[in-house]
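Thanks for coming. Please have the view open while I talk.

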Amino acid sequence: MFPLKLVSILLFMAVGASYGQKKSNKNAPRKSTGVSVAPAHFHFNHKPGEIKSYDITVNNNTSIPKEFNVNMYDFNMNGKGKSNFLPAGAGKYSLSSWMNASPSFIELKAFETKKVKLTVSVPNTEEGNKAAWSILMVEQVAPRKSLLKPNASESTVALGVVPTFAFGIFAYQNPPNVTDNQIEFTDFQLKANDTTKNLYLEVQNTGNGIAYCTSYIDLTNLGTGVQQRLKVKKFTILPELIRDFSFPLKGIAKGKYLAVGVLDYENSDEIQAAKLEFEIN
């Protein structure tokens with residue numbers, strides 16, 4: 001079964017000491033601040049046939065021992081960037097079949113840190129020439145406790161919930177040979193109703209590589225010449241997928257406007273742009 005929580009979750013908020021903090025008493029008991037996993041993601045750029053290893057650090061900065069399973073899953077995304085998870089090796093662009101994590105089970109004492117070795121072996125075949133991705137899950141293991149029935153009888157059913165948490169580490173592999181410079185605008189329009197007005201921007205990855213993009217909109221009031229830039233958005237877009245974004249037009253004065261949507265991404269010599277004229281009454 002897949003974990004109930006398939007996103008990076010911190011059950012305890014880790015709090016770091018501030019710079020210039022007074023020196024603490026070495027004999028004082030350490031405070032529980034949380035559990036953390038690093039890094040949060042991997043962006044590989046391995047050649048076919050290349051083998052490399054990386055460290056994943058799991059830190060139990062609490063006074064309670066913890067146990068974790070380390071598992072890998074594939075995932076797909078729909079046109080709006082929502083993920084659905086699959087068994088390892090089941091994804092069309094599966095990276096999990098090229099990854100190995102050791103150990104796959106770790107026990108951490110109170111205030112203990114351990115490392116998991118992640119080895120990525122890209123095959124020297126045609127398969128190794130395409131983009132791939134997966135997610136590595138560090139999932140807490142909680143022993144099930146016995147339940148005491150408050151009123152023991154044949155008709156009594158005792159149910160228990162064991163709260164656990166998990167950390168998701170997304171891993172993306174882009175071989176140097178892939179072409180990821182085929183990101184295109186598919187829609188750019190004003191969406192308005194009685195209460196809100198938004199500029200809607202949609203882009204599609206028609207290439208065969210993963211693209212790491214930045215998108216923003218430059219807005220010019222055609223009557224006054226006043227210019228402003230709407231909030232920059234950074235995102236990852238996988239092959240064959242579509243991403244869409246809404247830019248709220250809050251506090252924008254009435255008038256006619258020219259909007260220029262800009263899409264910039266790594267490994268591209270040119271930026272993509274789309275123009276739109278609209279009026280706010």
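This is a predicted model: local features need pLDDT of at least 70, side-chain atom pairs count only at pLDDT 80 or more; totals for chains, interfaces and linings use all residues.

E15 runs antiparallel to strand E12, residues 197-205, and seven bridges join them. Arg243 is the bridge partner of Val203.

Next, the cores. The largest nonpolar core has 26 residues, and within it Leu118 and Leu136 touch the most other members. Beyond its neighbours within four places in sequence, Leu118 contacts residues including Phe42, Phe44, Ile56, Met99 and Leu136. Another core, of 25 residues, lies apart from that one, and Phe247 is among its members, as are Phe188, Leu230 and Ala259.

Now the rings. There are 13 aromatic pairs. One of them, Phe75 with Tyr172, is edge-to-face, at 6.5 Å centre to centre and 85° between the planes. Phe75 is in strand E4 and Tyr172 in strand E10, so this pair ties together parts 97 residues apart in sequence. Both residues, Phe75 and Tyr172, are buried. The Tyr93 and Trp133 rings have centres 4.7 Å apart and planes at 15°, so that pair counts as stacked. Tyr93 sits in the loop between strands E5 and E6, and Trp133 in strand E9, 40 residues apart. Tyr93 and Trp133 are both buried.

Definitions and conventions:
Residues are numbered from 1 along each chain as its sequence is written. Side-chain values use heavy atoms; hydrogens and water are left out. Two strands pair if DSSP finds at least two bridges between them. Helices (H or I, at least four residues) and strands (E, at least two) are DSSP runs, numbered from the N terminus. A nonpolar core is a set of buried Ala, Val, Leu, Ile, Met, Phe, Trp, Tyr and Cys residues joined through side-chain atoms within 4.5 Å. Buried means under 20% relative accessible area, exposed over 50%, partly exposed in between (1.4 Å probe, protein chains only). Contact means heavy atoms within 4.5 Å. Rings of Phe, Tyr and Trp (its six-membered ring) pair if their centres lie within 6.5 Å; planes under 30 degrees apart count as stacked, over 60 as edge-to-face and the rest as tilted.
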